[in-house]
Amino acid sequence: KGARFGVDPWVHTPNDLKKIREAVERAGGTLVLLDDNPLDAAWTAQPSAPLAPVVPHPLQYAGKASDVKRQELGTALAAAKADALAITLPEEICWLLNIRGGDVPCTPFALSYAIAHKDGTVDWFIDAEKVTDETRAWVGADVRLHPLDDFSGHIEKLAQEGKKVWIDPAAAPVKIDALVRSAGATPHEERSPLQLMKAKKNDVEIQGAINAHIRDGV
């Protein structure tokens, strides 16, 4: 009772935080969102972030072009009266941009953040060392590349400009929610539209799953 309980707002979602806050306050404590994670200071031998190259995921496997996916997403944002979607799940970004990476063992993820806009364009925040010239050409001019550290600033700027930012309360870090609210705006909180979009497999994706299961079975 009376203690201050710190959490890293980059590793908990808004839904997580509600449960943690209720437990802390029930015990008579106070929840504090930290600016820096003390584990990073203590972990002196922490390895560097992975730098696996990001590669195109060809249309013969994706079944739908990225620009088509981005326009469909933009239509969903406009219907919800949202201007932009904060995307923090790597599987959503890889699906939307038709790319794959090697940052995570056994899963073809490229670790990054993105902001998708209702006009179909995307701001993509990723270490530039991972993006080859081929991949830059693949994603096209409507996907603007930025350093990973610029993500927070872009979220703040959108909120300050009065733009409605869509946040998935079950997936996005609570830090994004805090950034939007500290800028005097209220986020649109709802499950990401990408969840259902990428769950609806097209014929090419279905056949790809069948082929993968056959190879795996053999």
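Predicted model: local features only at pLDDT ≥ 70, side-chain atom pairs only at ≥ 80, totals over all residues.

Modeller: Let me begin with helix α8, residues 174-182, where the buried residues are Val174, Ile176, Asp177, Leu179 and Val180.

Biologist: Which elements cover the buried residues of α8?

Modeller: Cover here comes from contacts, meaning heavy atoms within 4.5 Å. Both helices and strands take part, and the cover of the buried residues of α8 includes α1, β4, α7 (151-160), β9 (165-167) and β10 (188-189).

Biologist: Which residue with a positive phi follows α8?

Modeller: After α8 comes a residue whose phi is near 85 degrees. That residue is Gly184.

**Thr13**

Biologist: Is Thr13 buried or exposed?

Modeller: Thr13 sits in the loop between β1 (4-7) and α1 (14-26). Its relative accessible area is 9%. Buried means under 20%, so Thr13 is buried.

Biologist: Which backbone atoms lie by the polar side-chain atoms of Thr13?

Modeller: One is in Asp16, whose backbone nitrogen is 3.0 Å from a polar atom of the Thr13 side chain. At 3.4 Å from a polar atom of that side chain there is also the backbone oxygen of Pro169.

Biologist: Leaving out residues up to four places away in sequence, what does Thr13 touch?

Modeller: Pro169 comes up again here, as one of the residues that Thr13 touches. With sequence neighbours up to four places away left out, the list reads Pro169, Ala170, Ala171, Ala172 and Val174. Val174 is also among the buried residues of α8.

Biologist: What is the phi of Lys81, and what is the phi of Asn98?

Modeller: Most residues other than glycine have a negative phi. Lys81 is not a glycine, yet its phi is positive, at about 60 degrees. Asn98 also has a positive phi, near 55 degrees.

Biologist: Which is Lys81, buried or exposed?

Modeller: Lys81 belongs to the loop between α4 (66-79) and β4 (84-87). Its relative accessibility is 70%. The cut-off for exposed is over 50%, so Lys81 counts as exposed.

Biologist: And Asn98, buried or exposed?

Modeller: The loop between α5 (90-97) and β5 (99-100) holds Asn98. With a relative accessibility of 2%, Asn98 counts as buried.

Biologist: Where is Lys164, and which residues does it touch?

Modeller: Lys164 is in the loop between α7 and β9, and it is partly exposed at 30% relative accessible area. The C-alpha atoms of Lys164 and Leu85 are 8.7 Å from each other, although 79 residues separate them along the chain. Setting aside residues up to four places away in sequence, Lys164 touches Lys81, Ala82, Asp83, Ala84, Thr186, Pro187 and His188.

Biologist: Which side chain makes a polar contact with the side chain of His146?

Modeller: His146 is in strand β8, residues 143-146, and counts as buried at 17% relative accessibility. Beyond four places in sequence, its contacts are Asp123, Trp124, Phe125, Ile126 and His154. The polar contact between side chains, at 2.7 Å, is with Asp123.

Biologist: Which backbone oxygen does the side chain of Lys201 reach?

Modeller: Lys201 lies in the loop between α9 (193-199) and α10 (203-217), where it counts as partly exposed at 47% relative accessibility. The side chain of Lys201 reaches, at 2.8 Å, the backbone oxygen of Lys198.

**The whole chain**

Biologist: Stepping back, what radius of gyration does the protein chain have?

Modeller: The chain contains ten helices and ten strands, and its C-alpha trace spans about 60 × 45 × 30 Å along the principal axes. For 218 residues, a compact globule would have a radius of gyration near 17 Å. The value for this chain agrees with that: 19 Å.

Methods: Residues numbered from 1 in each chain as written. Heavy atoms only, no water. Helix = DSSP H or I, 4+ residues; strand = E, 2+ residues; numbered from the N terminus. Rg over C-alpha atoms; globule rule 2.2 N^0.38 Å. Buried < 20%, exposed > 50% of the residue type's maximum accessible area, 1.4 Å probe, protein only. Polar contact = N/O pair within 3.5 Å; in protein donor to acceptor, adjacent residues only side chain to side chain.
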